[in-house]
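Colleague: Could you walk me through this structure, step by step?

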Amino acid sequence: MILDTVQTLLNGLRRSLAQPSRTPRMAVVIGRMLAIAFLLCFGTGIYSHFLQDPLPWMVFTTRPVFLYQLTQGIHITAGILCFPLLLAKLYIVFPELFQTPSVKSFPHLLERASIALFVASSIVQIVTGLLNTYQWYALFPFPFRQTHYALSFVIVGSLAIHIAVKLDVIAKHWTKTRSEQESRVEPAPRVEPAETSPRVEPAPRVEPVETSPPAETALVSTSSTRGSGRINPLTSSPTKNAVDRVEGVTGRVFAWIDKTPPAEPRTSRRGFLAIVGVMSAAVVALTAGQSFRVLDGSNIFGPRKQGVGPNALPVNRTAKAAKVGEKATAAGWALTVSNGATSKSYSRAELLAMPQFEVELPIACVEGWSQTATWKGVRVGDLVDSVGASGGVTVRATSLEENSSYAVMRMGPEYVRDNLTLVALELNGEVLDLDHGYPARMIAPGRPGVLQTKWLSTLEVL
Amino acid sequence: MTSVAVSPVIRRWRIALVVVGLALLALGGLVLLNDVNPKRYLGLAAWFLGALIIHDGIISFGVFGVNTAMRKAGRRVPLPVLLILQGAAVVGALMALIVVPEIAKKAIGTGNATLLPLDYAANLGWFYVVLAAVTAVVIAVYLAVARARRART
C-alpha cells in the first residue's frame, strides 16, 4: 500500500516534471559543455598542483610568461561557468531522480549511487571553490586544498563512469540530425495500464524522456485515452502526460499541475538554450576580469579588481596576517645567500647596489586573480653566482613568515637560471610595499603566486 | 546500464571508461585518506548530503514551482514572453547565488582591503536594474516583431 503510494507519487512527479527542454539531446548538448568545463578545471588544476608540489623529475616551462596566469584564469573562469552549466544539466535530468522502480538491479543501484556521488561532489567542488576565492574558509569543516584535490579525481572518475553508462544515449543524440533520426525510429515508451482500478496510477516502464519534435507529435495519444484506463506514453509535456488522478491531495495537486498550459517544444527548447547561454555569458563577463585584463571593465562581481591594492596590485596575504611586520622592517634585515660552506649576506642597500633589472611579469594567484606588473631587482642567477654556484642549480628560498606551508619554497634550475627571475625590490616604479614582500621578494615567470615568496630571509643553493 | 544491446565499439569504450573511472575514484579516495584527517570526513559527508538536499530537495522544486506558477499565471501571455521573463528570473537568481555570499563575507570582514574590494550589494542592485531594463526591451522588441509578422500574414 505504502509502496503503491510512493510509486504513484514518483510516477506523478516524473510525468509532471516533463518539459520540452528535458530531452536526451539537450542532456548531451549541455552535458558535453559541462564535461569540457570539468576537464579544463581538472587539467589546469593538476598543472597548478604539480607546480606547487612537483614530482622529483618534473621540469616546467617558463615561457610564455603568462602561462600560469592563463591556466589558472581558465581554471577559475571555467569553475564559475560550471555553475550555470551544472544547474542546467541537473535541471534537464531532474525527472530521472523519480524513476520507478527506484532500484531495478545491483548494477542499477551502483549506477544511481555513482550519479549521487558525481552530483554531490560536483556541487561541493564548485561551491567550495567559489568560497575559496572569497577566502571564506570558516565555512569548511575540512581543509580546502587537499579536499579540492581529492575531489577532482572523484569527479573526473565519476564523469568517466557516467559517460560509460550513458554512452549509447550520447552516441544516439550527439548530433541534431542523428538525434532526430533516432527519435523517429525509437518506439514510443508505453505506460502499462492499471491492473486494478483506473484510478490507481501504474508504474510506467519508461526510459529517459524522449522528445524530439517529430517523435513528440507521433508519441502523443489524444485526450480520448484519458479516463479510459489507458494511459498515454510519457512525453515531454505534462499536459499530454496527464492521467486522471484527482483522488487525494496529491492527485489534486498533480491534476492542477497537469492543467498548466503546455510549452511549445521548439520555442521552449530554444528559450532554454538561450537562458543557459545568457547565464554563462553573464557570470564570465562580470567576474573574469579578475583574471583577464580585457574583461576588467565589466568586472563588477570578481573578488579582486585589477589595480586595487598597494603598488596598484592586489594582495593575497598581508604582512599583518603573516606576522612579519617587525622583522621585515627591522634595520638589521639582510638576505643570506649560501652555497654549502660559502655564505653572503646582503642588506637591502647592497642589493640595490647590484645590477638592477626591470621585468614585466604577471603575478597569478592560485585563487585565480592575476595582474601584470613591473618588477625591478637583482637576478637570482647573479645572487647564486656570487656564492660560487655554477650551471643549473636548485634553490631553497625561506621567508620571514612562520607557520605557513609556503614559508619555504624550492625553485628548480629552469627558474633560477631564467633572466626574468628576480629578487624584486621595487614594484610598479615604487619601493616594494610591506604587503607585497618588502624588503625583498621572489618573482619568476609562470609560477603560482604562493611560490613568489615574500619577505625573503635566505636563499640556499641545494 | 541504460541499454543492453550495444555495438562492440561502444562496449569497448564503455569498459575502458569504467576502468579509467574506477581508477580515478580509487586515486581520489587514496588522496583523501592520505591528505585529509579522518576527523574531517564527517564534515565532508555533511556537505555532500547538504548539497543533494539543497539542490534536489529545495532548488529544483523551487524552480519547478516557479515555472508552473508562471505558466499558470501567464495563460494569456505568449510563451516567448514567458520564457524571457523566466530567463531573467533565472539569471537574476544565479547571480544572487554567486554574489550574495560575496556580500556576506565582505560584511563579516576580510582582513585584506584588496580582497572583495567592490561594493557588491550596490553592483548587484545595478545589475538587477539593467537586467529588468534589458528584459523589458527584449519583450518589447519581440512583441513588435510578432505584431509586424501577424500584420504581414
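Modeller: Gladly! A residue is buried if 20 or more other C-beta atoms, placed from the backbone, lie within 10 Å of its own, exposed if 12 or fewer, and partly exposed in between. This is a predicted model, where local features need pLDDT of at least 70, side-chain atom pairs count only at pLDDT 80 or more, and totals for chains, interfaces and linings use all residues. Residues are numbered from 1 along each chain as its sequence is written, while chains are lettered from A and ligands numbered from 1 in the order in which they are written.

Colleague: What percentage of the residues in chain B is buried?

Modeller: Chain B has 153 residues. Counting with the cut-off of 20 or more C-beta atoms within 10 Å, the buried share is 18%.

Colleague: Are helix 1 and helix 10 of chain A roughly parallel or roughly perpendicular?

Modeller: Axes are lines fitted to C-alpha atoms, for helices over the stretch in contact, and angles run from 0 to 180 degrees between N-to-C directions. Helices (H or I, at least four residues) and strands (E, at least two) are DSSP runs, numbered from the N terminus. Helix 1 and helix 10 of chain A pack at about 10 degrees. Angles under 35 degrees count as roughly parallel, over 145 as roughly antiparallel, 65 to 115 as roughly perpendicular and the rest as oblique, so helix 1 and helix 10 of chain A are roughly parallel.

Colleague: How many helices does chain B have?

Modeller: From the N terminus on, its elements run α-α-α-α. Chain B has zero strands, and its helices number four.
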